[in-house]
Each structure stands twice: as C-alpha cells, then as structure tokens.
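Please look at the sequence and the three-dimensional structure below, and keep both in view while you read. The paragraphs that follow lead from the inside of the chain to its surface and then to a few pairs of residues.

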Amino acid sequence: MCCLSQGYAVCCRWFLMVLMVTGIVFSCLTVASCHFIKYVDSNGNQGAVGLYRYFDTTTSSCIDHDDSISYSESENAARTGAVVAPMAASATILILLIEFCCCRFICSRLLMGLGLIAALVMQGITFLIFDSEKFCNGDIITEIMHQEPCTVADGAVFSAVAMLLYFMSGVLVFCTPKPEPMRVKKDVETSSSHMSVMTANSSIQSPSVTMNDVENTPMGSSKSASWT
C-alpha cells in the first residue's frame, strides 16, 4: 500500500510538472506572437498586433515594435504581465524540483500556490491590450464581449490556454499528495540493503561458530556426562 501511494504521488508530481512546463511554453508563444488581436484601422484596413511584435501586411512578416513608440498604462501592463507570468511559473517549477529531488521544506505548497496564482494573474493581465486606444476603442469590456473593432487572435488564445494550465496546476498542488524526495528514498534503500547484507553475513557465520565449539569440546566431558 505504501509503494502504491508513493507511486501515485510521484505520477501526480510529474503530471504537475508537465502542466506547468506546457503553460510556460504557451506564455512564451504569447510573447512571441504578432497576432494577439486583430483590428480595423480608420481606413478600413485590417491588421494584427501582438504585445511585442506586429504583423506587417506589406512584407507578410512579424516585426518588433519600435522602441520610440509610447504605450498607455494598459498596454504597458499587458506587456509586463506577459513576461512576469512565465518567470513566476519557472520559480514554482524550481521549488517543485527542489522538493521532489532533495528535501521537503515548510510551506512548500503555499509557495508554489502563490507562484501559480501570480502566473495566472499576470497572464490574465495580458488581455488589457484590448483596452488600447491605438488599436481598439479603449473599452475592454465591450471589446472582449462584442469583439468589435478588435477581435481575438492566436496570441490571445495562447494566453487563455496558459491561464487554464496555471489554474489546473494550482489545483493539483493543493489536491495531490507529496512523494518522498528522491534523495531520502535512495538513502533508505541504501541503508536497508546494508542491513540485509549484514543480516545475511551473520546468519552464515553463526553455524560455523557453533560447529567449532562442538569440535573443540573435550571428549572426557562428554563421557562424564554420559556416566552421570
């Protein structure tokens, strides 16, 4: 039963790690995408823009934003959230690896939960790009609900998937058991193997000692014992 529970806990930890790594991948795709939103400009031309890149219709390629562009508070918040979210998730993975490989420590669930909450919130802040007055009307609620004039593109989908993965990871952190660290398990197996070797050696040596005692016993003592 103990082995089964340990195996279940290990599987849960591996699944949790896969979820978080996948979430980080989608967060990075969000940053690299040049199609977070699609919009229609004042001339009726369609365009696409990401948090750090935009789609150039003339060359049909993604180009980085010019550093000279001034961004609004909503746009800066969205750009910052896209970078901080994978960093918070990466710190959470580091805590998970330390606990999984080396040792347990106090408040590990709380720390991992706070890291995933931070990643979830920062990833959600990326949708503040819909509050942009350059590309949208500056009304985030109307933009998201009615998708006019800005519409959701691939980057926004990547961001939503990353949020879902971070949320699922947070649930697993608090709802799944923690396995014994691999280092502790290895030490226990090593000590048990040493004990088994010592027990086997003692069981082998004990009969030889007994036979030696019998062989060294004087014959007279046995005869006197028999006459008595």
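Leaving aside its neighbours within four places in sequence, with which residues is Leu96 in contact? In this model, which is predicted, Leu96 is in contact with Arg13, Leu16, Met17, Met20 and Met112, once the neighbours within four places in sequence are set aside.

The protein chain contains 7 helices and 5 strands, and, read from the N terminus on, its elements follow the order α-β-β-β-β-α-α-α-β-α-α-α. Of its 228 residues, 31% count as buried. Among the contacts between residues at least 6 apart in sequence, 67% join residues that are at least 24 apart. The accessible surface of the chain comes to about 13,700 Å², and 67% of that surface belongs to carbon and sulfur atoms.

Nonpolar side chains can also be found on the outside of this model, where Leu110, Leu114, Ile117 and Val121 form a nonpolar patch on the surface with about 370 Å² of accessible area together. Val121, which is found in helix H3, has a relative accessible area of 44% and is therefore partly exposed, given that this class lies between the cut-offs of 20% for buried and 50% for exposed.

Charged side chains deserve a separate look, and a general point prepares for them: side chains of opposite charge can pair when their charged atoms come close. How many salt bridges does a search of the whole structure find? The search finds 2, and one of them is formed by Arg53 with Asp64, whose closest N and O atoms are 3.5 Å apart. This pair links distant parts of the chain, with Arg53 in strand S3 (residues 53-56) and Asp64 in strand S4 (residues 61-64), 11 residues apart. Arg53 is partly exposed, with a relative accessible area of 25%, whereas Asp64, at 53% relative accessibility, counts as exposed.

Glu75 forms a salt bridge with Lys134, and here the closest N and O atoms are 3.0 Å apart. Because Glu75 lies in helix H2 and Lys134 in the loop between H3 and helix H4 (140-146), the pair ties together parts that are 59 residues apart in sequence. Is Glu75 buried or exposed? With a relative accessible area of 2%, Glu75 is buried, while Lys134 is partly exposed, with a relative accessible area of 44%. The side chain of Glu75 also reaches the backbone nitrogen of Ser72, at 3.0 Å. Beyond the neighbours within four places in sequence, Glu75 is in contact with Ser70, Ile129, Ser132, Glu133, Lys134 and Phe135, a list that includes the partner of its salt bridge.

Ser60 has its place in the loop between S3 and S4, and, although it is not a glycine, Ser60 has a positive phi of about 55°. At 54% relative accessibility, Ser60 counts as exposed. Ser61, which has its place in strand S4, is partly exposed, with a relative accessible area of 28%. The side chain of Ser61 makes a polar contact with the side chain of Thr59, at 2.8 Å, and, leaving aside its neighbours within four places in sequence, Ser61 is in contact with Tyr54, Phe55 and Asp56. Finally, Ser61 and Cys34 are 27 residues apart in sequence, and the distance between them in space is 8.9 Å, taken from C-alpha to C-alpha.

Definitions and conventions:
Residues are numbered from 1 along each chain as its sequence is written. This is a predicted model: local features need pLDDT of at least 70, side-chain atom pairs count only at pLDDT 80 or more; totals for chains, interfaces and linings use all residues. Side-chain values use heavy atoms; hydrogens and water are left out. Contact means heavy atoms within 4.5 Å. Patches are made of residues with over 30% relative accessible area and no salt bridge: like charges are joined within 9 Å, nonpolar side chains (Val, Leu, Ile, Met, Phe, Trp, Tyr) within 5 Å. Accessible areas come from the Shrake-Rupley method with a 1.4 Å probe; for residues, only the protein chains shown count as cover. A salt bridge is a side-chain nitrogen of Lys or Arg within 4 Å of a carboxyl oxygen of Asp or Glu. Helices (H or I, at least four residues) and strands (E, at least two) are DSSP runs, numbered from the N terminus. Buried means under 20% relative accessible area, exposed over 50%, partly exposed in between (1.4 Å probe, protein chains only). A polar contact is a pair of N or O atoms within 3.5 Å; within protein, one must be able to donate a hydrogen and the other to accept it, and residues adjacent in sequence count only if both atoms are side-chain atoms.
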